[in-house]
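I opened this entry to record what I looked up in the structure.

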Amino acid sequence: MNTVSRFIALFFSFSVIFSAVTAFAPLSTRPTTTTTTTRVVSLLDATSIDNGNVNVNGDNINSFDTYQQVDSQPLAYQVTAEGTGDGVAEEGQLVTVAYKGRFVFSDRQFDKGSGFVFRIGGGKVLKGWDQGIVGMRVGDKRTLRIPPSLAYGDDWYKGTIPPKSHLEFDVELLNIAKPEEEFKVKLEAFGIGRALGFVALTGLMAIAPLIS
């Protein structure tokens, strides 16, 4: 292998390493982490909501206020704020949400996030989410109470959520992607650095036989 080829190979290898480090760096080193955490709290903390834009009593669906932790309990949700965005979330659409998860009738929080992307009805999230997000407009906020049959059922989840747990999520619909926007939304959710690292690594594996 001549000098030029070696230089190209070394440069390409450096690019792969740099992209991989950037993509898979711990979350605590990413500058967006603090912003995201703050955003989750500000979006979903009920005390920060302007009462002039909130249905204080909420819309009670499937007896939200009388929810019982029994097997026959269906999904229930309460509307805590109404958005002004166009369109309504429907099955098959790619949506972005912010959320906080805890156990029903408990302050014990087990998860939170912002900018979480999924397709409604795609089987990638809890059935309770697929059902509870439908009908929301961008900016809408709901509190979902999800029975085990629409959550994790009889299984443990990551050692933190016991079997037959009833779960409660504060959710806000941040975006409903138009068909032409879906690739961009997915790419942003996956991470530009990670995507570039993946492409670079794939390219390196493809040309490795040619430079060996």
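**Entry 1. A buried charged pair.** I began with Glu168 and Arg102, and I found that both are buried. The model is predicted, and I kept that in mind throughout. I then looked up how these two side chains meet: they form a salt bridge, with N to O at 2.8 Å. Glu168 belongs to strand E6, residues 167-176, and Arg102 to strand E3, residues 94-103. The two residues are 66 apart, and the pair links distant parts of the chain.

**Entry 2. A further partner of Arg102.** I next looked up Asp170, which also forms a salt bridge with Arg102; the closest N and O atoms are 2.8 Å apart. Asp170 lies in strand E6 and Arg102 in strand E3, 68 residues apart, so I noted another link between distant parts of the chain. Asp170 is buried, as is Arg102.

**Entry 3. A further partner of Glu168.** I turned to Arg145, whose side chain meets that of Glu168 in a salt bridge at 2.6 Å, N to O. I recorded both Glu168 and Arg145 as buried. For the protein I noted a count of four salt bridges.

**Entry 4. The nonpolar core.** I looked up the largest nonpolar core and found 25 residues in it. Trp129, Ile133 and Ile146 have the most contacts inside this core. Two or more residues each come from strand E2 (76-81), E3, helix H3 (127-133), E5 and E6. Which element gives the most to this core? I found that E6 does, with five residues. I noted as background that nonpolar side chains tend to be buried together in soluble globular proteins.

**Entry 5. Surroundings of Ile146.** I listed what Ile146 touches, leaving aside residues up to four places away in sequence. Among them are Tyr67, Leu75, Leu126, Gly128 and Trp129. The list also includes Ala151, Ser165, His166, Leu167 and Phe169.

**Entry 6. Confidence.** I looked up the average pLDDT, which is 73 for the protein, with 59% of the residues scoring at least 70. Over residues 19-60 the pLDDT is below 50. In the model this stretch has 53 contacts beyond near neighbours in sequence.

How values were computed
Residues are numbered from 1 along each chain as its sequence is written. This is a predicted model: local features need pLDDT of at least 70, side-chain atom pairs count only at pLDDT 80 or more; totals for chains, interfaces and linings use all residues. Side-chain values use heavy atoms; hydrogens and water are left out. pLDDT is the predictor's confidence in each residue, from 0 to 100. Contact means heavy atoms within 4.5 Å. Helices (H or I, at least four residues) and strands (E, at least two) are DSSP runs, numbered from the N terminus. Buried means under 20% relative accessible area, exposed over 50%, partly exposed in between (1.4 Å probe, protein chains only). A nonpolar core is a set of buried Ala, Val, Leu, Ile, Met, Phe, Trp, Tyr and Cys residues joined through side-chain atoms within 4.5 Å.
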